[in-house]
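Welcome, and take a moment to turn the model around before reading on.

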Amino acid sequence: MSAPTRTIAARATPPGVGGIGVVRVSGPESLRISHELTGRQLKPREATSTAFHGRDGRALDYGIAILFKAPASYTGEDVLELHCHGGPVIIDSVLAELSYLGVDFARPGEFTERAFLNGKMDLAQAEAVADVINSQTEVAARCALRSLSGNFSKYIESISKNIDSFRVIIEANIDFSEDPVEEIEHSVIKKKIKELKGIINDLIDRSKPGELLSTGAEVVLIGAPNAGKSSLLNTLARAERAIVTSTPGTTRDLLDATISLEGLAIRLIDTAGLRQSEDEIEAEGMRRAIAATERADLVVEVRDDTQNDPSGLEILGHDLGDQNRIVVLNKCDLSGRTFGTAEEADGAPAVAISATTRQGIDALEKVLLQQLGYQGVGEDTIMARRRHIDAMQRANSHLDQAMIQFESTDLLAEEFRLAQRALGEITGEVTVEDLLGDIFSNFCIGK
Ligand SMILES: Nc1nc2c(ncn2[C@@H]2O[C@H](COP(=O)(O)OP(=O)(O)OP(=O)(O)O)[C@@H](O)[C@H]2O)c(=O)[nH]1
Ligand SMILES: [Mg+2]
């Protein structure tokens, strides 16, 4: 991979007004730019208070400039940081001047992409940069920071090395043995494969909560009008987010609130009560409610336990199919049912609660997490993405294939090679251009 040669710039701080706004420049022209903009020879890694001059010699702003010489910088290239006053007009004028001086505006994630291409970090660490920035809870941030420090990559590399050392032995057999696989005992190979699979499976288990943690979960509350969906949203969110009235049909549109349960960010979505209705607005609300269930990680069907009426879903004849769901029996303060986990309802876990008195809510929160497959995170949880888990699973299926390839040392070696390749995709040792595009385009500008 050859290093890019364009010099790029972007605002690194969020848009809007702030105490300071940082503009970052990276690439071979950074040194020249620093000179033209400040009229000084900046000493590397030294904060210099200076004016930033426009082409007519007038000061665009007074701030701090710091130069980082390659390779000791975030991107591994010459980097210039300009700390300006944090107003959009100032930042835009500095960016316009940089453009005049021949700098290109950076694509989202381009700084981190360069850091990866220049070997400053591997791909899993680059992804962790975005995960740290996008963390929705403190637990998620801690977890992402562990991946950023290279913990996850180290595990992957050590498994990969393990496979490699075994591959070398097997491939040596291909070259030198008259009598293939016999040289290495089948039982030894099998034992080794089992051992490797065990390590990968352990890593997958430790990554799963991390995957959920990085994306957060979406939970939709659905049910008949007046069942208490909006009351439940408010209770779980501990805020009066949704309007609650005794009039059926209060909620018309989707409304959401994000809560954190044991560090997992859960976006709760309140919906319009489901019933037969000629009202156009209400019908659209119900259409949106049903559509929301299709994207959700979990559907919470809220039922009024004082009523024996059919549920909203039954009334509309809508089947949730094999959608992940639980049933909440609400208003148990009136019905008298014992609070907490109840007998399954229509094949789904059920919890008896009162949204108004909060009774049964702790049990409900536990069931929510359980049903989302979240067992909480420990110090060894890894912030992983779907593609990491997919790659580990692919590595494992190549090891499975290896188990049945004893007739041919060639095929056996090939399966080991493919398993190693799958793991290499995680750290970026093996990459496809499309994958890089996908990963970095999801970053914010300036990172
Ligand atoms: N006693 C009691 N009343 C409840 C409980 N939950 C909700 N209610 C009452 O039931 C009525 C309807 O509650 P909402 O939360 O608006 O119900 P909803 O399901 O959002 O209704 P729509 O938006 O019309 O679909 C309100 O008068 C609430 O105070 C509960 O657990 N116990
Ligand atoms: Mg409502």
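Is Glu262 buried or exposed? With a relative accessible area of 54%, Glu262 is exposed; here buried means under 20% relative accessible area, exposed over 50%, and partly exposed in between, with a 1.4 Å probe and protein chains only. What you are looking at is a predicted model, in which local features need pLDDT of at least 70 and side-chain atom pairs count only at pLDDT 80 or more, while totals for chains, interfaces and linings use all residues. Residues are numbered from 1 along each chain as its sequence is written, chains are lettered from A and ligands numbered from 1 in the order in which they are written, and side-chain values use heavy atoms, leaving out hydrogens and water.

Let us stay with the backbone for a while. Glu262 sits in the loop between β8 and β9 (264-270); helices (H or I, at least four residues) and strands (E, at least two) are DSSP runs, numbered from the N terminus. Although Glu262 is not a glycine, its phi is positive, at about 45 degrees. Most residues other than glycine have a negative phi, and most peptide bonds are trans. Lys331 also has a positive phi, near 65 degrees, and is a residue other than glycine. You will find Lys331 in the loop between β11 (325-330) and α11 (332-335), where it counts as partly exposed at 22% relative accessibility. For a cis peptide bond, look at the step from Ala70 to Pro71, where omega is near 0 degrees. Pro71 belongs to the loop between β4 and β5.

Now move to helix α1 (residues 30-38), whose buried residues are Ser30, Ile33, Ser34, Leu37 and Thr38. These residues span an arc of only 105 degrees around the axis, so they are on the same side of α1; the arc is that of the directions from the helix axis to the C-beta atoms. An α-helix has 3.6 residues a turn, so residues three or four places apart point the same way. What do the buried residues of α1 pack against? Their partners are β2 (18-26), β3 (48-53), β4 (59-68), β5 (79-86) and α2 (88-100), where contact means heavy atoms within 4.5 Å. After α1 comes Gly39, with a positive phi near 70 degrees.

Next, look for the magnesium ion (ligand 2). Its protein donors are Ser230 (OG) and Thr251 (OG1), at 2.0 to 2.1 Å. Ser230 is in helix α8 (residues 229-237) and Thr251 in the loop between α8 and β8 (255-261), so the pair ties together parts that are 21 residues apart in sequence. Donors are N, O and S atoms within 2.8 Å of the metal (3.2 Å for Na, K and Ca), and water is not among the atoms, so sites may look incomplete. Ser230 and Thr251 are both buried.

Rings of Phe, Tyr and Trp (its six-membered ring) pair if their centres lie within 6.5 Å; planes under 30 degrees apart count as stacked, over 60 as edge-to-face and the rest as tilted. By this rule there are 3 aromatic pairs. In one of them, the ring centres of Phe166 and Phe416 are 5.4 Å apart and the planes stand at 65 degrees, so the pair is edge-to-face. This pair links distant parts of the chain, with Phe166 in helix α6 (residues 151-176) and Phe416 in helix α14 (residues 409-427), 250 residues apart. Phe166 counts as buried at 6% relative accessibility, and Phe416 counts as buried at 0%.

Elsewhere, Phe116, Phe440 and Phe443 form one aromatic cluster. Thr112, placed in helix α3 (residues 110-117), is buried with a relative accessible area of 0%. Leaving aside neighbours within four places in sequence, the contacts of Thr112 include Tyr74, Phe440, Phe443 and Lys447. The charged end of Lys447 sits over the ring of Tyr74, 4.5 Å from its centre; a charge sits over a ring if NZ of Lys or CZ of Arg is within 6 Å of the ring centre and within 35 degrees of the ring normal. Arg206 lies over the face of Tyr155, at 4.5 Å from the ring centre.
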